Amino acid sequence: MIGIECRALTKKFMKGETTITPLDSLDLVIEPGSFLALMGPSGSGKTTLLNLIAGIDRPTSGELLVDGLDIAHLSRSRLARWRAEKVGYIFQLYHLVPVLTAYENVELPLLIHPLSRKERHARVQRALELAGIADRHDHYPRQLSGGQEQRVAIARAIVADPPLLLADEPTGDLDRESSTAILKLLRKLSEDLGKTLLVVTHDIATTDYAQATLHLEKGRLVTEPGEEQRHA
Amino acid sequence: MRHPRFVIPLLLLTLIGCAVEESPVQTAAPDLPPSLFLTSPPANARSVAEVKESAALGDEVVIAGQLVGNRQIFVEGAATFILGDHSIEACHPEEGCDTPWDACCTPITERRALSATIQVVGEDGKPLRTSLKGRGALSELKQVVVVGKVSQRSEGVFVVDASGIFVAGGDS
Amino acid sequence: MRGLPFDYATRNLGRSPGRLAGALVGSTLVTLLVIASASFIRGMGASLDPPAGNSNVIFLGAGSEESVERSEIRMQAADVVGTISGLRTRLGQPFISPEVHIGLAVRTDPAVPEGRLTPLRGVRPSAFLVHSEVQITEGRAPVAGANELLVGGLVSGQLGVPDARLGLGEVLHIDGREWRIVGRMRAPRTVIDAEIWIPLTDLQVIAQRDNLSCVIATLVPGEADITDAEILAAQRLDLELAVMTESEYYATLSRFYAPVRAMVLATALLVALGGILGGLNTMVAAFASRVREVGTLQVIGYPRRAIILSFLQESWIISSCGALVAGALGWAVLDGVAVRFSMGAFGLIVDAPVLAIGVGAGLGLGLLGALPPTIHCLRLPVGQALKS
């Protein structure tokens, strides 16, 4: 299990001559094994926070400790290696590789690691089963529905057994029925596998499945009265 | 259809090609006679045209001329050169000849009629296997006086075996 | 850390069949053009190289050292050359070949008003001694006064007719008369291959000349050398001779045609440059559509070098296929093809070095064409790539 700690985390960038600050001195602690929903209006900094935690982007200032490691100062290649081991990322639009089958898409993250073919097969099979999409393993993305694609994407995110799962609007492109199924699956993964799970969402239904919900506005956490900035 | 040969020469060889050198005749360069180059001009010298006109085979001649009238004045590797009459005019740079001494503006037949072959021979009567170029200050366009004997004389052929050569302006 | 599977590269090729076909055709064409250029340069170079071990000297008219076709020397020169001691002989016959070289219009069809300018060489039988590389492959040598010809292997290409049209017994029209082909000869990789040989006196009659273009003699190495020939030329001022080894003569010719080779080389480089730009364009389009996927692969944990390698694999698969097809095509179609040029014709040579150059260039282009768009594609921050 993995914990996350943000101290005065700030992200700024220039757009023309204007400085945009999607994250503004954010302090946040996420306990290992928690399932958090991150909500807020568009431009509130949700995806920016998710990308910083995933090591996709770098903060302008502040500290970001993931599992005690200050990832902001890792080199690009070390960050890639760190992501391969620690992070599973689920995208709104699934981002499956269209020329690979469901099985091969799920296998992709394992190819980075020194595993035998047999070992990879066992892990892919297990991830597909956990995601409830094992019966479609030989289908190409174009042959799957949106919900099925997202299940494949989730299988891909968990196949290397990363302790941290990050999801950016995982139900944003799905109908209600599929959304519910995906949310249930995410909660199951959090509960059964003990993953730390952070989900960026606009979907209020997500809050029913998450252990806690964070609200971001203009790059800052909006704390409900009496609520600590320490979560789950 | 040829089959590709699996010996791959370098691209450069492909582009440049390689010429096969002829194996030279193995002869040590002999020394020229010590008295060959004269320090003062011999008397009674006549022009190439005059000598060619009057001298017979075997005659001793004193012949004055200039190293002009042919693109290659000296035979490379042999003691032979072509001596032209003073009347052959060397080319001016603006005339576009390959060399000033080839006198390309004068018709070749005229040049050859006004030229003689000078050679320094060994005991076998053949030209010595050493070039005269640069020896005794001999070089193209030099004025020289040659003392020697007419060894070949026929229609258009005039060869003098030289026993003495004076090079004007030379430092022999 | 391992890279992306090879399958990923191969399957990506099928994403856009149109683009794949375009890239394959482009890569094949570029490689083929490089092979064609290299075979041209090689063929021309080889035809201007004298045969290995050649100890021939060539006597030309003084002042015509650059072109045997412009040279004129007196008939007597052949006898004078015979006075050199150290000439090669066989059964008492010295290796001396008096020759006339001339370019004349040759017609395959008398109805056609203009024939094709073809190099003709007037020879005596001794020419076969001096030019030992010439092999009569069919028929026999022509006999003087019988209107007979001996035809080289590249003459059909030179005349633009099928090779069968120049079979034994076929007729060619020269100077308003019919000449029968009685022999076929090959002298691969020499200028002779593109020539028609005709008895010396017959050609002198056609050309209305009583002199020679040159006299070629073979020396015995160790017994005579170029100096002996030069001495003779210097002594026989009346004959107005210039002399050089056959190697020197061909080297002079080769220098004369150096600008042509440089032009072909420059054209090949321009074609290659065009190929690189075309390749860049195709690859930029192909990779630009996959920017988001590249971002995803980076998020999954693939390092950039693994992605670069995979993209290069894709490009190399295309360029390898193109290079292979072009190599096979070049070898099958271009090898031996006659190319006409001012002094006659020469055969394109597609051999191992030429294939290596062509295929190497094709593969190099694949690398050069793919690298910049790949790097450009990876330069985008991952977050932005995911949104694209």
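This is a short tour of the structure, stop by stop.

Before you click, know that this is a predicted model, where local features need pLDDT of at least 70, side-chain atom pairs count only at pLDDT 80 or more, and totals for chains, interfaces and linings use all residues. Residues are numbered from 1 along each chain as its sequence is written, chains are lettered from A and ligands numbered from 1 in the order in which they are written, and side-chain values use heavy atoms, with hydrogens and water left out.

**Stop 1: a pair of rings**

Select Phe40(C) and Phe346(C). How far apart are the centres of their rings? The answer is 5.0 Å, and the planes are at 80 degrees, so the pair is edge-to-face. (Rings of Phe, Tyr and Trp, the last by its six-membered ring, pair if their centres lie within 6.5 Å; planes under 30 degrees apart are stacked, over 60 edge-to-face, and the rest tilted.) Phe40(C) lies in helix H2 (residues 17–47) of chain C and Phe346(C) in strand S14 (residues 344–347) of chain C, so the pair ties together parts 306 residues apart in sequence. (Helices, H or I with at least four residues, and strands, E with at least two, are DSSP runs numbered from the N terminus.) Phe40(C) is buried at 16% relative accessible area, and Phe346(C) is buried too, at 0%. (Buried means under 20% relative accessible area, exposed over 50% and partly exposed in between, with a 1.4 Å probe and protein chains only.) Over all chains, the structure holds five aromatic pairs.

**Stop 2: a threonine in chain A**

Now pick Thr10(A), in strand S1 (residues 4–15) of chain A. Thr10(A) is buried, with a relative accessible area of 6%. Beyond neighbours within four places in sequence, Thr10(A) is in contact with residues including Thr21(A), Leu23(A) and Pro59(A). (Contact means heavy atoms within 4.5 Å.)

**Stop 3: the largest cavity**

Next, select Tyr89(A), Arg156(A) and Ile300(C), which are among the residues lining the largest cavity. (On a 1 Å grid over the protein atoms alone, a cavity is a set of points where a 1.4 Å probe fits but cannot get out, and a pocket is an open set with protein on both sides within 12 Å along at least five of seven lines; lining residues have an atom within 4 Å of a point.) The largest cavity has a volume of about 100 Å³. (Grid points are joined across faces, edges and corners, and a volume is the space filled by probe spheres set on the points.) Which element gives the largest share of the lining? That is S6(A), with three residues.

**Stop 4: the second largest pocket**

Move to Thr47(A), Asn51(A) and Lys387(C), which are among the lining residues closest to the centre of the second largest pocket. This pocket has a volume of about 840 Å³.

**Stop 5**

Colour helix H6 (residues 200–207) of chain C, where the buried residues include Leu203(C) and Ile206(C). Strand S4 (96–107) and strand S5 (116–123) of chain C are among the elements covering the buried residues of H6(C).

Finish at Gly295(C), in helix H10 of chain C. Is Gly295(C) buried or exposed? Gly295(C) is buried, at 0% relative accessible area. Not counting residues up to four places away in sequence, Gly295(C) touches Val382(C), Ala385(C) and Leu386(C).

How values were computed
Grid points are joined across faces, edges and corners, and a volume is the space filled by probe spheres set on the points.
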